Amino acid sequence: MKKILLYTLLLFTTIIFSQDIKLVKGGITENVLVDGSMDEKFALYIPSNFSLNTAWPVIFVTDMKGKAKSSISMLANAAEKEGYILASSYSLNDTLSLSENVLIANRMLNAVVAALPIMNNSTYTAGFGSGAKFASILPTFIKEIKGVISVGATVGNIDILNLKQKFQIIGLVNRADYNFPEMLEERKVLDKLKFPNQLFVYDGQQLLPDGNTLAMAMRLFTLSSMAKNHITKDSSLIDNTYNDLLIKANTLLNNERPILATYLISDIERIFAPLIPMDSLKTTKKLLKRSSSYKKAIRSQNNIILKEAFAKGDYGYYLEEDILTYNYANLGWWNYQMKELDKLDESTQLFERQSASRLRGYINALIADNIDYVASAEKVDVEALNLLYMIKTITAPKEYDSYLKIISISAGMEDFGTALFYLEELLKNGYTDKTELYALENSALLRITPEFNELIEKYLNEARYDIIPQ
């Protein structure tokens with residue numbers, strides 16, 4: 001009777017999961033409990049055409065801040081198009097040890113596989129940034145995972161890859177992403193290790209890939225399964241995908257993107273070599289690499305990436321020195337570096353504009369890592385932490401949290417001059433949350449000063465406390 005009831009429910013838009021939770025077909029179901037656990041929960045997406053009598057591929061999306069719903073949302077449209085189930089844990093966190101996170105992921109994986117009809121050899125992971133790094137580590141510990149989609153991140157630890165337990169690695173990266181040079185170099189390492197891998201490189205204002213690129217990454221998993229005879233070959237799907245990618249490569253060439261066209265053709269070779277003859281495409285790639293347009297473009301890109309390497313070395317050296325010596329005088333140097341990157345933003349050369357974006361991304365990631373390191377120490381070096389936040393206001397002036405931290409720390413040290421300076425800088429940059437300003441930690445004495453309230457009245461129209469004339 002229970003089985004009949006389940007099949008009846010499938011005629012509607014929801015189905016019943018264990019724990020009597022309704023799963024919305026074509027939507028995200030939140031807070032699904034891992035069996036046997038009252039603490040661990042995950043979010044789940046199932047395609048709108050889901051059926052219990054069909055086996056489905058699944059992608060476990062890893063987010064190290066436990067933002068399960070938002071991470072699934074970024075992949076949901078692609079999963080709907082390509083027919084993939086998505087699951088993501090709320091319990092993963094970068095404050096936990098690797099072993100704890102692996103166990104959490106494994107328990108979620110087991111819960112999904114036990115409850116839903118999951119296709120054999122079709123279990124994958126995906127992630128963005130730090131989540132991607134963890135996603136790329138999981139297959140080493142969980143052999144059932146056959147592939148990873150890594151958005152904007154290198155492999156978490158390439159040294160632990162098991163050559164006897166290979167899995168497919170699909171990287172997606174914008175050339176304006178600071179991880180692009182490292183992902184490009186890592187591709188060579190993976191090739192030497194004979195690890196199956198693809199690297200989709202793209203341009204655009206948004207660093208994250210669009211829905212079509214994410215869908216194509218999932219499609220590669222499907223094609224790989226066909227090549228390995230894990231699922232039945234679909235000649236129509238193979239031909240259509242091949243033709244679509246060739247059209248995209250030709251479009252890139254017509255738009256004077258010979259490097260991107262070459263990257264894509266290399267991936268087409270890797271993907272389709274087990275499925276269809278590749279002789280003509282290999283000839284095309286050789287001709288393209290000999291063309292003057294490609295040689296000129298690749299030379300320019302390589303030269304700029306080399307310059308970036310020197311700049312990154314300077315950033316790392318001066319940041320370390322500034323922290324060790326509390327070198328507030330060097331804030332001007334950081335301001336100068338940002339102005340130099342602003343000039344590159346206005347360049348007519350695409351590679352120079354992308355370089356500016358990569359260097360900004362690198363600087364802010366470097367500062368964020370140092371903030372985490374200093375803040376997590378048993379005895380926090382408050383002055384070093386405050387200096388790092390000051391540098392961050394220069395490198396990322398629209399990230400308001402840095403100003404708020406400085407105001408709080410400086411007020412706690414009764415350095416009201418510094419607190420008021422950064423309060424005004426914060427307000428000049430468009431900050432408007434008056435409630436948060438009047439609730440800042442350590443700022444009780446600061447908030448009742450006339451200077452504080454004068455600034456609030458000047459930029460936000462009305463202060464909470466009356467300003468008494470001196």
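**Labels and their cut-offs**

Tutor: Let's begin with a pair: Arg-187 and Asp-267 meet through their side chains in a salt bridge, at 3.2 Å from N to O. This is a predicted model, in which local features need pLDDT of at least 70 and side-chain atom pairs count only at pLDDT 80 or more, while totals for chains, interfaces and linings use all residues. Residues are numbered from 1 along each chain as its sequence is written, and side-chain values use heavy atoms, with hydrogens and water left out.

Student: Why is the contact of Arg-187 and Asp-267 called a salt bridge?
Tutor: The term asks for a side-chain nitrogen of Lys or Arg within 4 Å of a carboxyl oxygen of Asp or Glu. The N to O value for Arg-187 and Asp-267 is 3.2 Å, so the pair meets the 4 Å limit. In general, side chains of opposite charge can pair when their charged atoms come close.

Student: What makes Arg-187 and Asp-267 a tie between parts of the sequence?
Tutor: Arg-187 lies in helix α5 and Asp-267 in helix α8 (residues 258-272), so parts 80 residues apart in sequence are tied together. Helices here are DSSP runs (H or I, at least four residues) and strands are runs of E (at least two), numbered from the N terminus. Both Arg-187 and Asp-267 are buried.

Student: How do you know that Arg-358 and Glu-308 form a salt bridge?
Tutor: Their closest N and O atoms are 2.5 Å apart, which is within the 4 Å limit, so the name applies. Arg-358 is in helix α12 (residues 350-375) and Glu-308 in helix α10, so this pair ties together parts 50 residues apart in sequence.

Student: Why does Arg-358 count as buried?
Tutor: Buried means under 20% relative accessible area, exposed means over 50%, and partly exposed lies in between (1.4 Å probe, protein chains only). Arg-358 has 3% relative accessibility, so it counts as buried. Glu-308, at 2%, therefore counts as buried as well.

Student: Why is Thr-241 called buried?
Tutor: Its relative accessibility is 0%, so Thr-241 counts as buried. Thr-241 sits in helix α7 (residues 235-254).

Student: Why is Arg-290 called exposed, and Glu-454 partly exposed?
Tutor: Arg-290 has a relative accessible area of 58%, so it is exposed. Glu-454 has 42%, so it is partly exposed. Arg-290 belongs to helix α9, and Glu-454 to helix α18 (residues 450-460).

Student: How do you know that Lys-69 is partly exposed?
Tutor: Its relative accessible area is 38%, so Lys-69 is partly exposed. Lys-69 is in helix α2 (residues 68-82).
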